[in-house]
Amino acid sequence: MADEMHNLKRAATGKMRDEPRREGGDEIYPEPQPDTPEPDAAGVWKDKYLRLHADLENTKKRLARSSTQEVEAQKEALLRDLLPVADGLDLALMHTPDKSDNRGILQGIEMVRDILNKFFINHDVKAIDAWGKPFDPRLHQAIGVMRHPKFPPNTVVKVEQKGYLYGDKLLRPAQVVVTPASSDRRL
């Protein structure tokens, strides 16, 4: 009975191994092949399901990682775009005369600068403290050299433009003037 079922199954799929093939008028009987168990359908579908599920999980992780990186890059760009606003407010505070008729304007500028400082604190943006520190090319951009009797060689003596860090990343280097290296005798 089992042989009949097997033969019916093979006949239905068109895989009759015992049928001869005809080549040039001669009948050739195929070599008998050991019966390999056919994979059961449930096992095949389970395997497909597991592979697709793993692929879906990997895609989810990749997309989450990609979107996190994209958001971080956009946040960095926004913070970098705000730096000229901070520079403008600092310049306005430095160059507004402290006269009684300008006091209201000066207070308004200070208030706006305080709001921006709080924004920077909330978003982990820190100004680079460069003045009087040794020159660090990772944080500073030297735009000039100037002798100063009170500072050792390669020390920042003037900050032309503040630099900023976002967490541990450099948003913008500080533009600084440094004292010459001890071997630089031309200055």
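**Figure 1. Overview of the chain.** Of the 187 residues in the chain, 20% are buried. The model shown is predicted. Its secondary structure comes to three helices and eight strands. Read from the N terminus on, the elements follow the order α-β-β-α-α-β-β-β-β-β-β. The accessible surface of the chain is about 14500 Å², and carbon and sulfur atoms hold 57% of that surface. Among contacts in the chain with a separation of 6 or more, 58% are between residues 24 or more positions apart.

**Figure 2. The open sheet of strands S3, S6 and S7.** Three strands make up this open sheet, in the order S3-S6-S7, and their pairing is antiparallel. Strand S3 (125–127) and strand S7 (169–172) stand at the edges; each has a single partner strand, so one side of each is left without a neighbour in the sheet. From one strand to the next, the twist averages 30°. Helix H2 (residues 41–95) packs on the sheet and touches S3, S6 and S7. The direction of helix H2 makes about 45° with that of S7.

**Figure 3. The pairing of strands S3 and S6.** Three bridges join S3 to strand S6 (residues 164–166), and the two strands pair in the antiparallel sense. In this view, Ala127 can be found opposite Tyr164 of S6.

Figure 4. Arg80 lies in helix H2. Its relative accessibility is 35%; buried means under 20% and exposed means over 50%, with partly exposed in between, so Arg80 counts as partly exposed. Leaving aside residues up to four places away in sequence, Arg80 touches Leu170 and Leu171. Arg172 is 92 residues from Arg80 in sequence, while the C-alpha atoms of Arg80 and Arg172 are 7.5 Å apart in space.

Figure 5. In strand S8 (residues 174–178), four of the five residues are buried, so the strand is largely enclosed by the rest of the structure. Strand S4 (residues 140–145) runs parallel to S8, and five bridges join the two. Gln141 has Gln175 in S8 as its bridge partner. Strand S5 (residues 156–161) pairs with S8 in the antiparallel sense, over four bridges. On S8, Val178 stands opposite Val156.

How values were computed: Residues numbered from 1 in each chain as written. Predicted model: local features only at pLDDT ≥ 70, side-chain atom pairs only at ≥ 80, totals over all residues. Heavy atoms only, no water. Pairing = 2+ DSSP bridges. Axes fitted to C-alpha atoms, helices over the stretch in contact; angles between N-to-C directions. Contact = heavy atoms within 4.5 Å. Buried < 20%, exposed > 50% of the residue type's maximum accessible area, 1.4 Å probe, protein only. Areas by Shrake-Rupley, 256 points an atom, 1.4 Å probe, with all protein chains shown as cover.
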